[in-house]
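Please open the model in a viewer and keep the sequence at hand. The stops below proceed one selection at a time.

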Amino acid sequence: MMYPYKENHPEIADSAFIADYVTITGDVKIGDESSIWFQTVIRGDVAPTIIGNRVNIQDLCCLHQSPNRPLIIEDDVTVGHQVTLHSSIIRKQALIGMGSIILDGAEIGEGAFIGAGSLVPQGKVIPPHTLAFGRPAKVIRPLTEADVHDMERIRREYVEKGQYYKSLQK
């Protein structure tokens with residue numbers, strides 16, 4: 001379901017896949033070849049939500065903002081199942097593990113990996129190319145070559161799956 005909020009309407013690239021039972025409202029922009037999976041809610045009724053290209057937002061995610069604090073997700077990001085993102089910045093090629101919560105003003109560095117079930121508190125900055133995990137999240141170590149390859153595989157598979165499912169909607 002797509003809803004405007006006041007004068008703001010969702011803007012979704014033609015090549016993006018939006019699954020059934022997704023709700024998108026207001027000032028939301030979604031880039032090329034991105035995929036938004038089943039039962040996700042993206043509300044742009046407080047501030048903008050900007051989602052880049054080839055981003056996958058997996059099943060049951062919740063994306064929202066606080067006043068004057070947009071949610072920005074750069075290109076090639078993976079957001080795992082049941083993640084909550086709120087007024088934060090997720091830099092390109094990052095991966096947010098299943099069940100994680102990223103709060104207002106947090107910034108996840110380029111290529112960083114947030115382990116499943118983590119809580120990144122308000123204002124916390126996770127450096128690029130690191131693994132952070134826990135409640136609250138703490139940097140554990142730099143990413144390995146195997147980590148980076150696995151993150152790339154997941155991104156690639158979600159672009160392919162999204163385009164496959166999109167072809168079924170025509």
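Select Ser66 to begin; in this predicted model, Ser66 sits in the loop that joins β8 (62-64) to β9 (71-73). Ser66 is buried, its relative accessible area being 18%. Once its neighbours within four places in sequence are set aside, the contacts of Ser66 are Val46, Ala47, His86, Ser87 and Asp104.

One of those contacts, Ser87, is the next selection. Ser87 belongs to the loop between β11 (84-86) and β12 (89-90). Its phi is positive, about 45 degrees, although Ser87 is not a glycine. Is Ser87 buried or exposed? With 3% relative accessibility, Ser87 counts as buried.

Look for Asp76 in the loop between β9 and β10 (78-79). Asp76 counts as buried, at 16% relative accessibility.

Proceed now to the peptide bond that runs from Arg135 to Pro136. This bond is cis, and its omega is near 5 degrees. Pro136 lies in the loop between β19 (130-134) and β20 (137-142).

The following stop is the largest nonpolar core, which comprises 40 residues. Which residues have the most contacts inside this core? They are Ile30, Leu63, Ile73, Leu85, Ile90, Ile102 and Ile108. To see where the core draws its members from, colour β3 (17-18), β4 (23-30), β6 (41-51), β9, β13, β19 and α1, the elements that each give two or more residues to it.

Within the core, select Ile30. Not counting residues up to four places away in sequence, Ile30 touches Glu11, Ile12, Ala13, Ala16, Ile18, Ile24, Ile36, Ile42 and Ile51.

Gly31 is the next selection, in the loop between β4 and β5 (35-36). At 12% relative accessibility, Gly31 is counted as buried. Apart from its neighbours within four places in sequence, Gly31 is in contact with Ala13, Ala16, Ile51, Gly52 and Asn53. A distance may also be drawn from Gly31 to Thr49: the two are 18 residues apart in sequence, and their C-alpha atoms are 11 Å apart in space.

How many disulfides are found in the whole structure? The search finds 0. For Cys61, the closest cysteine sulfur is that of Cys62, and the 8.7 Å between the two sulfurs is too far for a bond. Cys61 is buried, with a relative accessible area of 2%, while Cys62 counts as partly exposed at 35% relative accessibility.

The tour ends at the largest pocket, which holds about 160 Å³ of space. Select its lining: Gln58, Thr78, Gly80, His81, Leu95, Ile96, Gly97, Met98, Phe113, Ala116, Ile154 and Tyr158. Which elements each supply at least two residues of this lining? They are β13 (95-96) and α1 (145-168). Colouring the lining of the largest pocket by class shows 7 nonpolar residues, 5 polar residues and no charged residues.

Technical notes:
Residues are numbered from 1 along each chain as its sequence is written. This is a predicted model: local features need pLDDT of at least 70, side-chain atom pairs count only at pLDDT 80 or more; totals for chains, interfaces and linings use all residues. Side-chain values use heavy atoms; hydrogens and water are left out. Helices (H or I, at least four residues) and strands (E, at least two) are DSSP runs, numbered from the N terminus. Buried means under 20% relative accessible area, exposed over 50%, partly exposed in between (1.4 Å probe, protein chains only). Contact means heavy atoms within 4.5 Å. On a 1 Å grid over the protein atoms alone, a cavity is a set of points where a 1.4 Å probe fits but cannot get out, and a pocket is an open set with protein on both sides within 12 Å along at least five of seven lines; lining residues have an atom within 4 Å of a point. Grid points are joined across faces, edges and corners, and a volume is the space filled by probe spheres set on the points. Ala, Val, Leu, Ile, Met, Phe, Trp, Tyr, Cys and Pro count as nonpolar, Asp, Glu, Lys and Arg as charged, and the others, Gly among them, as polar. A nonpolar core is a set of buried Ala, Val, Leu, Ile, Met, Phe, Trp, Tyr and Cys residues joined through side-chain atoms within 4.5 Å. A disulfide is a pair of cysteine sulfur atoms within 2.5 Å.
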